[in-house]
Number of protein chains: 2
Amino acid sequence: MDAVFKALADPNRRALLDQLHLQNGQTLHQLCRHLLMTRQGITKHLGLLVKADLVVPLWRGREKLHYLNPAPLKQISELWIDKHKAACLRALTDLTKGLDALKPEPN
Amino acid sequence: MDAVFKALADPNRRALLDQLHLQNGQTLHQLCRHLLMTRQGITKHLGLLVKADLVVPLWRGREKLHYLNPAPLKQISELWIDKHKAACLRALTDLTKGLDALKPEPN
DNA sequence: GCGATATGCAACCAACTGGTTGCATATTTG
DNA sequence: CAAATATGCAACCAGTTGGTTGCATATCGC
């Protein structure tokens, strides 16, 4: 869970996910073409994505294919985002109540 | 957008959001009681949350109240998570296809 | 007004991050 | 087998991050 948030924190890694979203199952060298960085740098980013289980690697001969795994994103969305979305109205009313409490001196 | 992902990357900041979710509009000192860290440390974390617009501060006298703003989370959920969730089935079939392609030698 | 309370700001530090270079290993191809 | 291709691993380096300490400022209560 923490690994997923950390993995999503970097724009390069999000770009990698986007790239895989565009064409799934790309090899490391294919992914390198879209991101200006050394191959080893990309390997590190992919390592974090794999550790967060957002990407699943698959060896085919000397090539390593990378596939998206949408499960963690779904989980985060459900466990975290929706929880706060549900409190949307409450939060807004809280805030406006706070603002009202600020000005009880209209004299 | 990037600021939101970065802000969510730290467990302490997520804990702060959780705490505010539990009781909205808490003051800095109130938030300090739930997280073992110096007040200044928490101030820094809150600063990032405010910069990401996930938290809105509100001064009342010498106290600074902190309110949740659910808008950025909603936006992320819609713009990012759902995009990948939509590709859920496709991603899975891609992966299983990749797995199948691995073993075309059953002889 | 004065002490206590609530917060801000800046400097500093260790640890982590993002990225590189260099070299090793495995697989494919001719 | 040898050359080329695809990848891994480790060391290193600069910049950022997470957290601290120290001191300044503003507001409340007596």
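In this predicted model, 22 residues surround DNA strand C, and the closest are A:Thr38, A:Lys44, A:His45, B:Thr27 and B:Lys64. A residue is counted as near a strand when one of its heavy atoms lies within 4 Å of it. Of the atoms of DNA strand C that come within 4 Å of the protein, sugar and phosphate account for 58%. Residues are numbered from 1 along each chain as its sequence is written, while chains are lettered from A and ligands numbered from 1 in the order in which they are written. Local features need pLDDT of at least 70 and side-chain atom pairs count only at pLDDT 80 or more, whereas totals for chains, interfaces and linings use all residues; side-chain values use heavy atoms, with hydrogens and water left out.

At least two residues of the surface near DNA strand C come from each of H2 and H4 of chain A and helix H3 (28-32), H4 and S3 of chain B. Helices (H or I, at least four residues) and strands (E, at least two) are DSSP runs, numbered from the N terminus. By class, this surface holds 3 nonpolar, 10 polar and 9 charged residues. Here Ala, Val, Leu, Ile, Met, Phe, Trp, Tyr, Cys and Pro count as nonpolar, Asp, Glu, Lys and Arg as charged, and the others, Gly among them, as polar.

Attention now turns to the other DNA strand. Among the 22 residues around DNA strand D, those that come nearest are A:Thr27, A:Lys64, B:Thr38, B:Lys44 and B:His45. Sugar and phosphate make up 58% of the atoms of DNA strand D that come within 4 Å of the protein. The side chain of A:Lys64 places a polar atom 2.5 Å from a phosphate oxygen of DNA strand D, and an N or O atom in the side chain of A:His29 is 2.9 Å from a phosphate oxygen. From chain B, the side chain of B:Arg62 has an N or O atom 3.1 Å from a base oxygen of DNA strand D. Two or more residues of the surface near this strand are given by each of helix H3 (28-32), helix H4 (39-51) and strand S3 (63-68) of chain A, and by helix H2 (11-22) and helix H4 (39-51) of chain B. The surface near DNA strand D divides into 3 nonpolar, 10 polar and 9 charged residues.

The architecture of chain A comprises 6 helices and 3 strands, arranged along the sequence as α-α-β-α-α-β-β-α-α. Of its 107 residues, 44% are buried, where buried means under 20% relative accessible area, exposed over 50%, and partly exposed in between (1.4 Å probe, protein chains only). Among contacts in chain A (heavy atoms within 4.5 Å) with a separation of 6 or more, 49% join residues 24 or more positions apart. A:Leu58, in strand S2 (residues 55-60), is buried with a relative accessible area of 11%. In sequence A:Leu58 and A:Gln26 are 32 residues apart, and in space 10.0 Å apart, C-alpha to C-alpha.

Helix H2 (residues 11-22) of chain A packs with H4(A) at an angle of about 75°, the axes being 10 Å apart. Axes are lines fitted to C-alpha atoms, for helices over the stretch in contact, and angles run from 0 to 180 degrees between N-to-C directions. H2(A) is therefore roughly perpendicular to H4(A); angles under 35 degrees count as roughly parallel, over 145 as roughly antiparallel, 65 to 115 as roughly perpendicular and the rest as oblique. In chain B, H2(B) and H4(B) pack at about 75° with axes 10 Å apart. Finally, B:Asn69, in the loop between strand S3 (63-68) and helix H5 (71-86) of chain B, is buried with a relative accessible area of 14%.

How values were computed
A polar contact is a pair of N or O atoms within 3.5 Å; within protein, one must be able to donate a hydrogen and the other to accept it, and residues adjacent in sequence count only if both atoms are side-chain atoms.
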